[in-house]
Amino acid sequence: MAMRQTPLTCSGHTRPVVDLAFSGITPFGYFLISACKDGKPMLRQGDTGDWIGTFLGHKGAVWGATLNMDATKAATAAADFTAKVWDSVSGDEVLSLAHKHIVKSVNFTQDSNHLLTAGNDKLLRIFDLSNTDAAPQEIAGHGAAIKKALWCNDDKQILSAADDKTIRLWDRTSMEEVKTLTFNTSVSSMEYMADGEILVITYGKTIAFYNALSLELIKTAEAPAPINSASLHPEKDFFVAGGEDFKLYKFDYGTQEELESYKGHFGPVHCVRFSPDGELYASGSEDGTLRLWQTAVGKTYGLWKCVLPVCLDNSSESQCGEP
Amino acid sequence: MATPVPVLRLPKGPDPNSRGFDPNSPRYIALCRTTVATTEAAGGDEEELQQEQHARSVLRERFLRCLLAMNNKKVRFNMHENVTVEATFGSSDIDVLNFQVSDLHTPIGVQKEALIRSQDVISFTFDA
């Protein structure tokens, strides 16, 4: 019996959702943070989408948001020229790091002791969170605003993507550029997968996979519409992408074939990420919502309930239909 | 004909009255160092806990009564960067994130109505 995907819509934001990130798997499950142009990033339970809290304090659009591995800390990057670090259990603002321009990207090291920030002032900054009085280390080199900066190679190196149409690999100790990838057009998104050292890059209608250490191209895939973000499944059998035609696309990683496409969002999809267990993926859109999609449609997981031919389960709370 | 996957319920949305981070959630109780575990204190003294809780409620009640007493009174706020401003106090929001004031005297003029961010305030004084 064919099952149709029922996306779970998480409402609450009042402006476009531009970034989202999952934490690792913690004893309390895993968590999801969403960055929104309304300036109020939200924390949600990762497997159900239930709202947990809103981080209040930014005075401008929040462009980037991230959680540390155990979801005890959150970091956000905003148009108010600050990056903020939050206690994501209490929701309190812990640190506000001033910058000289709009901050676009934030990323914790695995031990949560350092924060990498990047934005429109074209500089990468490394903040020591245990020594907040000290000035951050700065790495210059990009010729235009930096869209995304990520730690890679066990936090020994940094990958950055900027509007100068380059992606650069930097060595953290020497603070020097190691390698550069140049494109014909601006890169719309970049995701790093530590397990397997894979870099997922999107530009135009292309989703490209690179080796994160050598920056060698592994493979590419083409989507029917311009893509804003893509994410690779933890087991590397699928990847999902979303973009300007409002749809989510699911591809087979081995063959690069498009398997499925899903409608649901009412605006362009800005970000898409797989959960750490690969059971679902979340998408954020211009329409102000986040949607959770099942990887295996019809499987019982989170709020989705498997339907059996003979209903052995007496729970009468299950309901069919589009949310 | 494909049937849509059934769902138990929709994801819970934000609470319009608070910023969330429920202090009664298992994660908060386990991880928040400033919280007193109300069920079982790990190695804590039962009597000590009770005293501490009593002290907390007394202080909280005093703070709330103070906010009530300040209503419509002239209050002086001492803020960061050696800033001191005077205003007529209105009220606080539920999470004590903002104070609503009227006739805020600032170096650049008097603001008829304003919101003061509580994290910017170091202390405030008023005559009861």
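Pro107(B) is exposed, with a relative accessible area of 83% (exposed means over 50%, buried under 20%, partly exposed in between, with a 1.4 Å probe and protein chains only). Pro107(B) sits in the loop that joins strand 4 (98-106) to strand 5 (109-117) of chain B. Strands are DSSP runs of E with at least two residues, helices are runs of H or I with at least four, and both are numbered from the N terminus. Arg60(B) is 47 residues from Pro107(B) in sequence, and their C-alpha atoms are 33 Å apart in space.

The model is predicted, so local features need pLDDT of at least 70 and side-chain atom pairs pLDDT 80 or more, while totals for chains, interfaces and linings use all residues. Residues are numbered from 1 along each chain as its sequence is written, chains are lettered from A and ligands numbered from 1 in the order written, and side-chain values use heavy atoms, without hydrogens and water.

The largest pocket holds about 1100 Å³ of space. Its lining has 39 residues, and Phe22(A), Met69(A), Tyr192(A), Met193(A) and Ala194(A) lie nearest the centre. Elements of chain A that give two or more residues to this lining include strand 3 (17-22), strand 7 (62-67) and strand 27 (269-274). A pocket is an open set of points on a 1 Å grid over the protein atoms alone, where a 1.4 Å probe fits, with protein on both sides within 12 Å along at least five of seven lines; lining residues have an atom within 4 Å of a point.

Over residues 55-96 of chain A, the chain is 0% helix and 52% strand, with end C-alpha atoms 13 Å apart. Residues 96-137 of chain A are 0% helix and 50% strand, and their end C-alpha atoms lie 16 Å apart.

Conventions
Points joined across faces, edges and corners; volume = space filled by probe spheres on them.
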